[in-house]
Amino acid sequence: MRRPVVGVIANAYRVEDRFATQMTGERNLRAVAEVAGALPLMFAGCSEITDLGALLDVVDGVILTGARANVHPTHFRCEPHPRHEPYDQQRDGLALALSQACVARGIPLFGICRGLQEMNVAFGGSLHPEIRELPGRINHRMPRLESGEIHPDPTVVFADRHDVNLVPGGAFATLLGCETIRVNSLHGQGILDLGERVVVEGVAEDGTIEAIRIADAPGFALGVQWHAEYDPQRNPINRALFQAFGEALAARQRTG
């Protein structure tokens, strides 16, 4: 049997502020290849380039990766603001439709950071552009130096920063074999109102939703707010998630 193929969504970037590019972080690709045991296939986060139906005929699963751009607020009936840019509306349109299609077809879907947010919005939920501005919330953004620059050491940027309390007996608690985990934190935007079929599986100490599943999904349909693609080769929590995703891919291959 061939290795399962996982579609890994890309994001819009501009090289040298001139050349339109589609990119994804190599950590996502390595997590798929080295931990989930699958072949990563990066696809453009743009419906003008990527035909959704053709993509889903080729892949055995999909990962919606993290990204710098926020989901455009018009998708949940809010007004955009320049200070919450950048946006990537091409990816929005594709990712929201893709989330619904994967769940409907039982194609394993794993949302990471922005991917979790896209899954929530796809099912009618909303987001807050700056979770840290809500009463009682902490700053979930990546660590910075006193100068305001992003910390140059990735081990500091991706270090575990807060606990997540998992729902007892839920999908994540069962999968991970515990009810409290510790995770990294690199996001400004987060879930405000839940989508119709979105079930909370884990919450940070400050009440921020960190893990979700899609209710009644016929296949793997989980999302995490932290960057699970960081070091799943050694991090036991992230490794368990990508291994479970890999098992879902293999099951999909056998039955599909």
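Cys113 is buried, because its relative accessible area is 4%; buried here means under 20%, exposed means over 50%, and partly exposed is in between, with a 1.4 Å probe and protein chains only. You'll find Cys113 in the loop between strand 6 and helix 4 (114-122). Most residues other than glycine have a negative phi. Asp231 also has a positive phi, near 55 degrees, and again the residue is not glycine. Asp231 sits in the loop between strand 13 and helix 7, and it is partly exposed, given a relative accessible area of 22%.

Quick housekeeping. This is a predicted model, so local features need pLDDT of at least 70 and side-chain atom pairs count only at pLDDT 80 or more, while totals for chains, interfaces and linings use all residues. Residues are numbered from 1 along each chain as its sequence is written, and side-chain values use heavy atoms, with hydrogens and water left out.

In sequence, His227 and Asn28 are 199 residues apart, yet C-alpha to C-alpha they are 9.5 Å apart in space.

Phe158 comes up again with a charge: Arg27 lies over the face of Phe158, 4.7 Å from the ring centre. The rule there is NZ of Lys or CZ of Arg within 6 Å of the ring centre and within 35 degrees of the ring normal.

Now the aromatic pairs. Rings of Phe, Tyr and Trp (its six-membered ring) pair if their centres lie within 6.5 Å; planes under 30 degrees apart are stacked, over 60 edge-to-face, and the rest tilted. By this rule, the count is 5 aromatic pairs. Take Phe110 and Phe220: the ring centres are 5.9 Å apart and the planes are at 80 degrees, so that's edge-to-face. Phe110 is in strand 6 (residues 109-112) and Phe220 in the loop between strand 12 (209-214) and strand 13 (221-224), so to speak distant parts of the chain, 110 residues apart. Phe110 is buried, with a relative accessible area of 0%, and Phe220 is buried as well, at 13%. Phe110 has another partner, Phe242, with centres 5.2 Å apart and planes at 65 degrees, so this pair is edge-to-face too. Phe242 lies in helix 7 (residues 236-255) and Phe110 in strand 6, so the pair ties together parts 132 residues apart in sequence. Phe242 is buried, at 0% relative accessible area. Ring pairs link Phe110, Phe220, Phe242 and Phe245 into a cluster.

Next, charges. How many salt bridges does the structure hold? It holds 13, counting a side-chain nitrogen of Lys or Arg within 4 Å of a carboxyl oxygen of Asp or Glu. One of them joins Arg91 and Glu118, with the closest N and O atoms 2.7 Å apart. Arg91 is in helix 3 (residues 89-105) and Glu118 in helix 4, so the bridge ties together parts 27 residues apart in sequence. Are these two buried or exposed? Arg91 is buried, at 0% relative accessibility, and Glu118 is buried, also at 0%. Arg91, Asp92, Arg114 and Glu118 are linked in a network of salt bridges.

Then there's Arg30 with Glu34, closest N and O atoms 2.7 Å apart. Both lie in helix 1 (residues 26-34), 4 residues apart, about one turn of the helix. Arg30 is partly exposed, at 41% relative accessibility, and so is Glu34, at 44%.

That's the tour, so over to you for questions.

Technical notes: Helices (H or I, at least four residues) and strands (E, at least two) are DSSP runs, numbered from the N terminus.
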